[in-house]
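Subject: Structure for your review

Dear colleague,

Please find below the structure that I am handing over to you. My notes on what was found in it follow directly after.

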Amino acid sequence: MAEVLEPGVVIKPQMDKDQAISWIWHLYGLKATNVKELNSYDDRNFFFKIDPDESKIDNEFLSKEDFEHGLNLKVTNSLDSKDLPFNEAQIGMMLHLHQSGMEVPVPIKNKAGDFWSLEELQSERR
């Protein structure tokens, strides 16, 4: 059974474009030239244009063809990020559909060679 949230509980990741740019570099080894936050309900999604210079790619698992049209970074909300099998199933489904010839977003590997990573956001308490 799904967890019921209390009114006022915020599960959407609290991060901005600058943090997303930092994550693209530290997790994927890619230098962003432009970033735009996309609309989403309870996740954060960012669209990046990446510097196409191969010398600025610090990720042995990627080449510039992997992101020539840009890439999306999905930061899953604090509730769904706890369901690792669900996240792995989403990635597996996208890879399967892509390998079957469908035009779908294709997951790319981070610097650790994984399609996802569990990160902790630093909250700013005031």
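Pro85 is exposed, since its relative accessible area is 59%. This residue, Pro85, is found in helix H2. Between the C-alpha atoms of Pro85 and Asp16 there are 27 Å in space, and the two residues stand 69 residues apart in sequence. Please bear in mind throughout that this is a predicted model.

Overall layout

The chain holds two helices and three strands. Read from the N terminus on, its elements follow the order α-β-β-β-α. Taken along the principal axes, the box filled by the C-alpha atoms is roughly 45 × 40 × 25 Å. The chain has 126 residues, and 29% of them are buried.

The nonpolar core

The largest nonpolar core has 19 residues, and those touching the most other members are Ile24, Tyr28, Leu30, Phe48, Ile50, Leu71 and Leu73. At least two residues of this core are supplied by each of helix H1 (17-28), strand S1 (32-38), S2 and S3. H1 gives the largest share, namely five residues.

Salt bridges

Three salt bridges were counted in the model.

In one of them, the side chain of Arg44 meets that of Glu37, with 2.9 Å from N to O. Arg44 counts as buried because its relative accessibility is 15%, which is under the 20% limit.

Another salt bridge joins Asp43 to Lys74, and here the closest N and O atoms are 3.8 Å apart. This pair links distant parts of the chain, as Asp43 sits in the loop between S1 and S2 and Lys74 in strand S3, 31 residues apart. Asp43 is buried, with a relative accessible area of 10%, whereas Lys74 counts as partly exposed at 42% relative accessibility.

A further salt bridge is formed by the side chains of Lys111 and Asp58, at 3.3 Å from N to O. Lys111 belongs to the segment after H2 and Asp58 to the loop between S2 and S3, so this pair ties together parts that lie 53 residues apart in sequence. Both partners count as partly exposed: Lys111 has a relative accessibility of 32%, and Asp58 has one of 40%.

A charged surface patch

Asp53, Glu54, Glu65, Asp66 and Glu68 form a negative surface patch. Among these residues, Glu68 has its place in the loop between strand S2 (44-50) and strand S3 (71-75). Glu68 is classed as exposed because its relative accessible area, 56%, is over 50%.

Two further positions

Gln90 lies in helix H2, which covers residues 84-99. With a relative accessible area of 26%, Gln90 is partly exposed. Gln90 and Lys64 are 26 residues apart along the chain, and their C-alpha atoms are separated by 24 Å.

Gly113 is found in the segment after H2. Is Gly113 buried or exposed? The relative accessible area of Gly113 is 18%, and a residue counts as buried under 20%, so Gly113 is buried. The C-alpha atoms of Gly113 and Lys82 are separated by 21 Å, the two residues being 31 residues apart along the chain.

With kind regards

Terms used:
Residues are numbered from 1 along each chain as its sequence is written. This is a predicted model: local features need pLDDT of at least 70, side-chain atom pairs count only at pLDDT 80 or more; totals for chains, interfaces and linings use all residues. Side-chain values use heavy atoms; hydrogens and water are left out. Patches are made of residues with over 30% relative accessible area and no salt bridge: like charges are joined within 9 Å, nonpolar side chains (Val, Leu, Ile, Met, Phe, Trp, Tyr) within 5 Å. Accessible areas come from the Shrake-Rupley method with a 1.4 Å probe; for residues, only the protein chains shown count as cover. A salt bridge is a side-chain nitrogen of Lys or Arg within 4 Å of a carboxyl oxygen of Asp or Glu. Lys and Arg count as positive and Asp and Glu as negative; His and the chain ends are not counted. The place of a charge is taken as NZ of Lys, CZ of Arg, CG of Asp or CD of Glu. Helices (H or I, at least four residues) and strands (E, at least two) are DSSP runs, numbered from the N terminus. Buried means under 20% relative accessible area, exposed over 50%, partly exposed in between (1.4 Å probe, protein chains only). A nonpolar core is a set of buried Ala, Val, Leu, Ile, Met, Phe, Trp, Tyr and Cys residues joined through side-chain atoms within 4.5 Å.
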